[in-house]
Structure formats: C-alpha cells, structure tokens
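Please open the model in your viewer and keep the selection tool at hand. This tour goes from one selection to the next and says what can be found at each stop.

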Amino acid sequence: MKPKIFSLALAAAAGIGLAAPAAAETKVGLLLPYSGTYAALGNEITDGFNLALELAGRSGEFDIVREDTEVKPPVGLAKARKLVLEDEVDVIVGIVSSGVLGAVRDFIDGAQVPLIVANAGNDNATGDACSAYITRVSFSNGQVNRPMGTWLAGQGVKKVYTLAPDYAAGRQMIEAFTETYTAAGGEIVGGEYTPFGQTSDFGPYLANAKASGADAIYTFYAGGEAISFVKQYGSFGKELPLYGSGFLTSPLYVAAEGDAAVGVITSLHYVPTLDTPENKAFVEAFGAAYDRVPSEYAVHGYDAGMSLMAAIDSGASDRETIAAALPKVKYVGPRGPLEIDPATNNIVQNIYIYETVKDGDGLTQKVVGTVEAVRDAPKGCNLR
Amino acid sequence: MFRQTPARSLVLIVTLAGLAAYASAGGFFAREIVIEIAILAILAISLDVVAGFGGMVSLAHGAMMGLSAYTYAIFSVKLGWPPLPSALLGVAASGIFGTLIGWITGRTTGIFFIMATLAFGQMAYTVFFKWRWLGGDDGLGGLSRFDLGGLGIKMGNSLTFALFALVLVLAVYVAAAWVLRTAFGRTLTGIHVNEDRMRALGVNTVMHRAQALGFSALLAGVAGVLAAQHVQYISPELLVWTVSGEVLIVVILGGLGTLIGPLLGAVIFVLLKHEISGYTNHWHIVIGLLLIATVLAGGRGIYGQVEHWFSRRPPPPAGTAEAHDA
Amino acid sequence: MDASFWILQFLNAVQFSMLLFLLSIGLTVIFGLLHFINLAHGALYMLGAYIGISAAAATGSFWAALILAPLAVMLIGAVLYFTLIDRLRGAGPMNQVLVTFGLIFVFLDLVRMGWGDVALGLSAPPSLAGTSEILGVKYPAYRLFIIALGLVIMAGLWITLARTQIGAMIRASVENGAMAATLGINVGRLFFIVFCLGCVLAGLAGVVAAPVTSATTGMGISILIPTLIVVVIGGLGSLQGAIAGSLIVGFIETFGAVLLPGFAAVLAYILLAAILVLRPQGLLPARGH
C-alpha cells in the first residue's frame with residue numbers, strides 16, 4: 001500500500017469536496033469533556049472535528065455519538081466501554097486529559113478499537129505505553145518543548161528559571177525543555193513546581209525567579225492558571241523576559257491576558273497566523289462557522305477529522321483497517337505538513353516559535369522561528 | 001436509632017433484584033451503570049452510618065475509598081501479592097485511616113468536624129497526587145480482579161462482576177445494619193443526641209466516635225477495592241473532596257439516617273446523571289435544584305419522605321403498607 | 001536574598017492576606033449574625049467576577065464595574081433571601097449547608113450558559129496597571145490597591161460594629177436574638193440587611209480578584225476551601241477571627257511557597273488540622289456561640 005498524499009484542506013476550501021465514496025456509514029465516538037474544567041477544550045475540539053467533515057461535504061458519512069468524560073478517569077473508561085461495546089463505534093476520537101487516556105489505554109488496546117487522540121499530550125502514551133490502536137494527532141509534551149531549549153540557548157539566553165504546575169504534564173514539559181537547553185549550553189539556575197489548580201498568587205514565585213539571578217523565566221501554564229500567571233507577571237513590570245510552552249498564550253486565552261502577554265515568546269505546534277494557503281482557508285472557514293479565531297485545540301479536532309477521512313479514503317472501513325491506515329496518513333493541514341510516525345503512532349509536525357504582539361486593539365501571534373518535522377524518539381515503543 | 005423494618009428489607013431486596021435484572025437484561029452499558037451504582041451505594045451507606053446515626057458529616061470518605069484502592073494496588077501490582085490479601089489490606093488501611101481521623105478530630109463537631117475531615121482527606125489526596133512511584137496524577141493501571149476461576153466464576157465478564165458488586169452492596173448493608181442494632185450502634189446515636197449525657201454515663205465518646213468512623217471507613221474501603229477492580233486503573237481523583245461531596249448529596253437525596261435511602265439515592269443519582277447528560281451538558285443544575293427541593297421538602301430524602309407519609313397514620317400493622325393516604 | 005527580596009515577599013503575604021480577607025469576610029459576616037453557613041458565597045463571588053467583567057466591557061471602566069457588580073450580586077442575594085434563605089433560618093446548619101451547596105451547582109451551570117466555558121480575564125484600570133515604589137521596592141500598584149481596600153473594609157466594618165447604632169443592634173442580636181427582639185429591634189430586617197451586606201462583599205471580592213486571577217466556571221467551588229479554611233482557623237463569625245485567619249493563611253502560604261515549596265500544596269491543610277485538634281472552635285470564635 002502506498003501512502004496517499006493529498007491536500008484535503010485546499011480542495012475543501014475551494015468548496016469542491018472530494019467525491020464521497022459510497023461506503024457504509026462510519027460510526028465515530030467523540031469521547032471528550034463537556035462539563036468540568038476542560039469543557040471549553042471539549043467544545044473547541046468538537047467544533048474543529050465537525051468543521052473538517054462539513055468542509056469536505058461528508059458529514060452524512062459519519063454517525064457521531066458524543067460522550068462526556070467529565071475529565072474523570074473512571075467516567076471516561078465507562079463511556080469508552082459504552083462506545084465500544086454498546087454503540088459499537090468504528091473509531092473513537094478525543095480525550096483531553098492524560099489521566100483519562102491512562103484509564104482507557106488498556107481497554108482500547110485490548111478491544112482493538114482505533115483511538116485518535118485529539119489532545120492529551122502525555123509522552124508515555126506514544127512511548128512505553130504506546131499501542132497500535134492509539135494514534136495521536138495533537139502533540140506530545142516533549143515535542144512542543146524540546147525545540148524551545150535549543151532555540152533559547154541559541155538566542156544567547158544563558159540562565160533560566162523554570163515554573164510549571166506540579167503535575168505530570170507540567171513536569172514533562174519542563175524536563176523536555178531542560179534536556180535540550182542544558183545540552184545547548186544553557187543553565188537552569190532554579191525552578192519550582194506550583195501546586196496544581198490551587199495556586200492563585202504567583203507573586204512569591206516571581207520574586208524567587210528574580211532573586212535567582214536568571215536571565216529569563218521558562219514556564220508552562222494552561223487555561224485559567226495561564227491567565228493568572230501572565231497577568232501577574234505583567235503587573236510586576238515584566239522584570240525578566242518570559243518564554244514558555246505555547247499553551248501559555250493560546251488564542252483561546254490570550255485576549256483575557258491582555259497587554260501582559262505582549263512580548264512573551266513561546267513554542268507550539270499551531271499558530272493561527274501561519275501564512276500558508278491551507279491555514280488561511282482554515283481560519284476563514286472556522287471564523288465563518290463559529291465567529292472566532294481557531295485555537296490549537298480546534299486544530300486537533302480538525303486534524304482528527306481529516307486523518308480519519310484520509311484513512312477511509314485509503315480503503316479502510318472497519319476497526320482493524322482504520323487502525324492500520326491511520327499511521328500512514330500524511331498531508332498538509334492548517335499547521336503545515338504532518339504525518340504519523342509509524343514507529344510510535346505519534347504525530348510528526350512543525351513546531352513554531354511565536355511572539356505575542358499587539359495588533360490594533362487586540363493581540364496576535366508573530367512567528368519568529370520554525371523547527372520542521374519534529375519527531376519524538378520512540379522511548380520504549382516499537383510498533384514497526 | 002436504627003430499625004430494620006420489613007419495608008426496608010423489602011425495598012432492599014426489590015432494589016437489588018431490580019438492578020440484577022437490569023444488568024442481566026441490559027447491554028454492556030447497563031452493567032457499567034449497575035457497577036457504578038453499587039460503588040456509590042456502598043460509599044453512601046458507609047457515610048450514612050456516621051452521618052445519619054452519629055451526626056458526623058465526613059468529607060473524607062472519598063479519601064478513605066481512594067486509600068483502600070491505592071493500598072490494593074500497592075500490594076497487588078507493586079509487590080505482586082494475590083488479590084484477596086491485597087484487598088483485605090486495602091480495607092484494613094482505610095479502617096485504620098478512619099479510626100485515626102476520628103480519634104484526632106474527636107473533640108470537633110458540626111462544621112468544624114466537616115472541615116477537619118476535609119483537611120485530612122485533602123492531605124491524603126495530595127500525597128497520592130505527588131507520589132511518583134504510584135504514578136502521581138497520571139494514576140496506575142494493570143490492576144486485576146479477584147480470581148474465582150477455581151469456582152467456575154469469570155470475573156472478567158461484566159455481568160458476573162456487576163452481580164458480584166451487588167452481592168457486596170448486600171453484604172455491606174447487612175454489616176452496617178447489624179452494627180447499628182448492637183449496643184455499639186445505639187451508643188453512637190446516643191452520643192449524637194446528647195454527648196454530655198453519654199459521657200456522664202461513662203462512655204469514652206471520643207474513642208467511640210473514632211471506632212464508628214473506623215467501621216464506616218472499613219465499608220468505604222470495600223467500595224475502594226471494588227472501584228479499583230472495576231476500572232482496573234486508579235488515579236488520585238478517587239480521593240478528592242468533591243467525591244465526598246457527591247456522596248453526601250446521594251445520602252441526602254435518598255434519606256439521611258435510613259441506611260436504605262442511600263442505596264436508592266445512588267440508583268437515582270447515577271441513572272439521572274446519565275439520562276440528563278444524554279440531553280444536555282448541564283447536569284449540575286438539575287442535581288442542584290433536586291438537592292434544594294429535597295431539603296425544602298423537609299430534608300428527609302426520598303425514602304425518608306415516603307416513610308414519613310406512612311408513619312403519620314396510626315401505627316400500621318406490618319405488611320399492610322398498601323393502605324395509603326388518599 | 002537581600003532585604004528587598006524579603007520586603008517583596010512580605011508585601012506579597014500582606015496582599016494575599018487581604019485578598020483572602022475580602023473573600024472570606026462576607027461568609028463571616030453572615031455567619032456571625034445569622035448563624036447561617038452560606039456556601040453559596042462561592043457562587044456569589046463567581047457572579048461578582050463574571051458580572052464585573054461584563055460591566056467593565058459594557059461601560060469601558062473598571063471603576064464602574066467595581067460599583068455595579070457588587071450591587072447586582074446584592075440584588076441576586078436579595079432574591080435568594082426571600083425565596084430560600086429566610087425559610088431556612090431555623091432549619092439547622094446541615095440543611096443550610098446543603099441548600100447553599102445546591103445553589104453552587106445551579107449558579108455554576110447558569111454561568112456556563114451565560115458566559116461560556118472559556119476562562120475570562122479582567123484588566124486592572126490603567127491608573128493601577130503599573131508598579132509603584134514602596135519601602136524601596138517596585139510593587140504592582142493594583143496589589144497596593146488590594147491592600148488598601150482590605151484595610152478600608154476592615155476599618156469600616158470595625159467602626160460600624162463598634163461605634164454605630166446598627167452595629168450595637170447587630171451585636172445585641174448576636175448575643176441574644178430573642179432578647180434583642182423584645183427590646184424592639186426588628187431582627188428580621190436586620191438579618192436581611194446583614195445578608196445583603198455579605199452578598200455585596202462577596203461580589204466585591206469577585207471583581208477585585210478578577211484582575212489578579214481569572215474567571216472560570218469552577219471558581220465558585222475552588223474558592224470555597226480556602227475561604228472556609230480562613231474562617232474556621234480564625235473562628236467562625238467574628239471579624240477579628242477573619243482578620244487573624246486571613247493573615248495566618250496568607251503569610252503561611254506565601255512564605256511556605258518561598259521556604260518549603262515542596263509542601264506548599266498541603267500547608268494550609270496541615271495548619272487547619274493542627275488548629276482544629278488544638279482548638280476545636282478556631283482561634284477567635286464569635287461570642288454567644
């Protein structure tokens with residue numbers, strides 16, 4: 001079988017839509033949080049997924065069942081069992097938190113149902129806990145942060161203080177950055193992991209960072225914590241330059257951060273201002289459909305839809321063939337060229353280093369560097 | 001004072017039989033729901049023992065359940081022990097934890113007791129959240145179920161496991177009812193009603209309450225082992241205080257201090273949540289309104305309210321409950 | 001670590017204490033007089049933040065939002081008072097806890113319906129956006145504003161309670177409600193006024209905290225624990241208790257983050273447990289309770 005290479009986004013944006021094969025309906029289970037802390041992400045991913053199908057004119061080919069994980073691992077597993085055993089879906093799309101992914105991993109693997117991960121970034125999911133049935137089209141925590149270490153050292157920033165929430169994703173992101181940054185000659189002069197979800201005052205940590213003698217701060221925060229952190233960083237007069245993982249200044253939250261975010265440089269796998277025809281068409285279509293700028297989460301959903309359609313176009317029709325076809329997916333999407341690494345089933349994609357800049361009254365993203373085709377080392381995983 | 005009335009026995013048997021029938025006749029998801037109900041019901045019965053009969057509203061029951069689940073995982077997964085001794089150790093660990101909390105907080109009552117149990121529960125949650133050896137916040141997988149293959153019982157089968165869970169509910173209910181009817185249980189209610197008088201009668205009320213919380217924690221530990229074996233994966237979310245808050249809601253909805261009410265509360269809570277989430281992502285508002293309505297209606301809960309209606313009539317001879325108000 | 005570092009951390013601790021004071025004082029005021037545990041306080045705080053964000057967007061002024069949001073929350077509180085709270089006054093603490101806990105769930109979903117699931121932010125007013133020089137260090141002007149506001153509210157409440165007629169009526173009702181009623185004090189109306197005051201304070205805390213943190217749909221629940229820890233440590237229902245509790249928790253958390261970062265997540269709980277074991281009624285409980 002030859003990998004099928006095409007550019008669906010272009011065709012879709014031109015309103016052509018690929019000729020729908022007369023195949024039977026594909027049953028898709030969307031397993032996402034629709035209540036609880038991450039409900040906003042669940043909605044973004046769902047919107048992106050639906051948009052991919054609509055733009056291709058193929059919504060009718062898919063029968064979609066939505067289930068709410070409530071961001072609770074046992075609930076996520078119960079819903080996964082329902083989707084697989086009762087609804088008999090052909091493929092599951094979704095999963096925002098790594099905790100839920102950990103809970104469903106063994107079941108998915110044992111039940112041999114393809115799962116397209118549309119967010120959860122835990123490195124292990126495509127590392128030592130990888131599965132032939134789990135394909136990730138979002139990102140891995142290490143993938144997003146490793147390029148930044150090398151890049152930052154190359155900018156002449158020699159000493160860095162790190163800050164992140166005290167949970168697995170926070171630690172993986174900081175560790176990945178530290179690895180490449182110190183390898184490139186940088187020095188970590190201090191750092192702290194802050195209590196996850198219960199830190200409302202970052203003032204003490206910002207003072208620690210300043211006292212450490214660092215040239216800059218490197219950080220990862222997301223959601224409400226990202227807003228609080230960036231605003232408090234701004235209120236202290238931005239004494240040190242701030243770098244980080246790009247979720248910090250995601251388009252979903254950057255408006256709430258306001259001017260405090262200006263000048264912050266971060267790395268991420270998608271930026272809505274990418275100057276490519278695929279991305280422009282996507283941003284326009286997303287704006288027309290939902291009246292807002294798409295975030296990286298919306299792109300996860302969109303690419304989950306695109307890769308699923310690509311797998312079906314390559315002849316896949318049931319659980320086994322879809323799982324086999326997904327790792328062969330390769331196309332140019334809104335975030336640039338992407339493919340699935342058959343050794344780990346993780347996505348291989350560009351990482352963009354971008355600065356948040358002022359644009360009239362609002363904020364926008366200026367890409368200052370691109371690291372192409374970032375691929376994770378297959379740590380303990382060999383699917384090939 | 002707890003009484004196992006014939007009506008309560010009848011409701012218990014009918015409910016459990018109904019759940020068993022639902023699990024047998026329904027699909028895989030029905031069995032998931034039955035197991036979910038069973039875990040919640042055990043935890044709610046456990047909370048009712050102390051909250052309903054001892055006035056000790058605990059926000060540490062989630063932590064007790066989680067501690068038991070983690071202890072089970074430590075012995076069975078990390079140390080390679082067989083499931084049964086690991087499970088017994090899990091239940092025992094929860095019991096010891098509960099007794100300790102009860103002993104340390106022995107002098108606090110009311111909102112202060114609630115806050116103290118919250119503090120200890122959250123400390124336990126934080127320990128497991130940060131404990132890398134046990135997976136930290138990523139949780140721990142690879143847990144196994146009891147191996148009853150020698151008896152010809154396959155626990156991997158979801159129907160078998162659902163029925164097993166219902167048997168545990170029955171066992172926990174019987175244990176709770178039995179303990180509450182002993183002198184120990186009556187003394188607990190006595191302390192709740194008038195602590196000074198019980199102390200004057202020579203009861204060491206602090207130790208007594210500690211033992212009651214310890215017993216309740218043993219039952220919560222059973223829920224923990226069941227939850228661990230059901231999902232075969234554990235994470236610190238089991239221990240967080242909102243789990244305890246949810247269980248408290250279940251107890252109130254069903255009927256505080258009735259023991260059978262919490263079982264009904266668990267059935268209604270789980271079914272309602274799944275039913276609502278089929279239509280909307282806003283199930284919180286429904287649960288919130290239901291809780292408010294329950295309290296405004298007198299706070300007796302569903303079973304308590306039904307019992308109240310019947311008991312307003314002159315004492316009906318047992319077995320003639322079908323005569324009811326017009 | 002020079003002197004300016006410790007001055008900075010000291011200011012952080014004072015600022016965080018004042019924020020905690022603003023968050024918890026509404027809860028304390030209502031409990032002190034009504035003996036009513038109003039868990040919906042967290043929900044009212046959340047409404048204060050969200051309404052404040054909308055009001056600031058509509059009027060273009062943070063200061064307008066600072067006035068409008070607490071008033072709007074007071075109106076919501078007044079409606080709650082006549083529909084629910086008044087009926088629950090004699091219903092016992094357990095029922096009050098449960099009903100107001102239910103209200104948190106109701107408001108959680110109402111806010112999700114009205115404002116969506118995405119976390120929102122509010123900008124500090126331009127006049128307070130920068131930093132100021134104080135005690136030889138540069139410190140965010142908005143944080144100094146929080147410290148000042150906390151002190152003003154503290155002083156205002158203390159003067160009201162100690163020096164005014166209504167304060168005397170409130171103190172009399174706390175000591176002995178039945179006696180106060182026979183002396184001609186309209187205890188029912190007094191309760192209503194105090195409940196509204198508690199709601200205003202909750203709404204105010206929501207707007208004031210919004211430029212420092214962010215508005216999320218989970219904030220009503222997540223704020224409950226820190227505020228309850230503050231009031232329980234201090235002793236339920238007394239102004240001095242709320243002040244003491246805020247300062248203790250604020251300083252322990254701030255310096256814990258600096259000196260014992262590994263334990264930052266559990267420090268408040270260890271403190272809470274220790275105080276409850278040693279003094280089961282908190283440090284400075286209200287009299288007559």
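The domain bounds used on this tour come from an automatic or database domain assignment. This is a predicted model, in which local features need pLDDT of at least 70 and side-chain atom pairs count only at pLDDT 80 or more, while totals for chains, interfaces and linings use all residues. Residues are numbered from 1 along each chain as its sequence is written, and chains are lettered from A and ligands numbered from 1 in the order in which they are written.

**First stop: chain A**

Select chain A and colour its two parts, domain 1 (3-139 + 274-348) and domain 2 (142-268). The centres of these two domains of chain A, taken over C-alpha atoms, are separated by 29 Å. Where they touch, domain 1 of chain A gives 11 residues and domain 2 of chain A gives 10 residues, two residues being in contact if their C-beta atoms, placed from the backbone, lie within 7 Å. On the side of domain 1 of chain A that touches domain 2 of chain A, the elements that give two or more residues are helix H2 (39-55) and helix H11 (296-313) of chain A. Helices (H or I, at least four residues) and strands (E, at least two) are DSSP runs, numbered from the N terminus.

**Second stop: chain C as a whole**

Now select chain C, whose secondary structure comes to 12 helices and 2 strands, and follow the elements from the N terminus on in the order α-α-α-α-β-β-α-α-α-α-α-α-α-α. The radius of gyration of chain C is 19 Å, close to the 19 Å that the globule rule gives for 289 residues, so chain C is as compact as a globular protein of that length; the radius is taken over C-alpha atoms, and the rule is 2.2 Å times the number of residues to the power 0.38. Of the 289 residues in chain C, 56% are buried, a residue being buried if 20 or more other C-beta atoms lie within 10 Å of its own, exposed if 12 or fewer, and partly exposed in between.

Show chain B beside chain C, and you will find 29 residues of chain C in contact with 26 residues of chain B. The largest share of the side of chain C that touches chain B, 15 residues, comes from H4(C). Turn next to chain A, where the contact takes 31 residues from chain C and 30 residues from chain A. On the side of chain C that touches chain A, the largest share, 6 residues, comes from H1(C).

Which residues touch the most other members of the largest nonpolar core? Among them are B:Ala38, B:Leu40, C:Val73 and C:Leu272, in a core of 355 residues. Such a core is a set of buried Ala, Val, Leu, Ile, Met, Phe, Trp, Tyr and Cys residues joined through C-beta atoms within 7 Å. Leaving aside its neighbours within four places in sequence, C:Val73 is in contact with residues including C:Leu44, C:Ile51, C:Cys199 and C:Val200.

**Last stop: C:Glu175**

Is C:Glu175 buried or partly exposed? C:Glu175, whose place is in helix H6 (residues 165-175) of chain C, counts as partly exposed, with 13 C-beta neighbours inside 10 Å. Finally, select C:Leu278 as well: the C-alpha atoms of C:Glu175 and C:Leu278, 103 residues apart along the chain, are separated by 25 Å.
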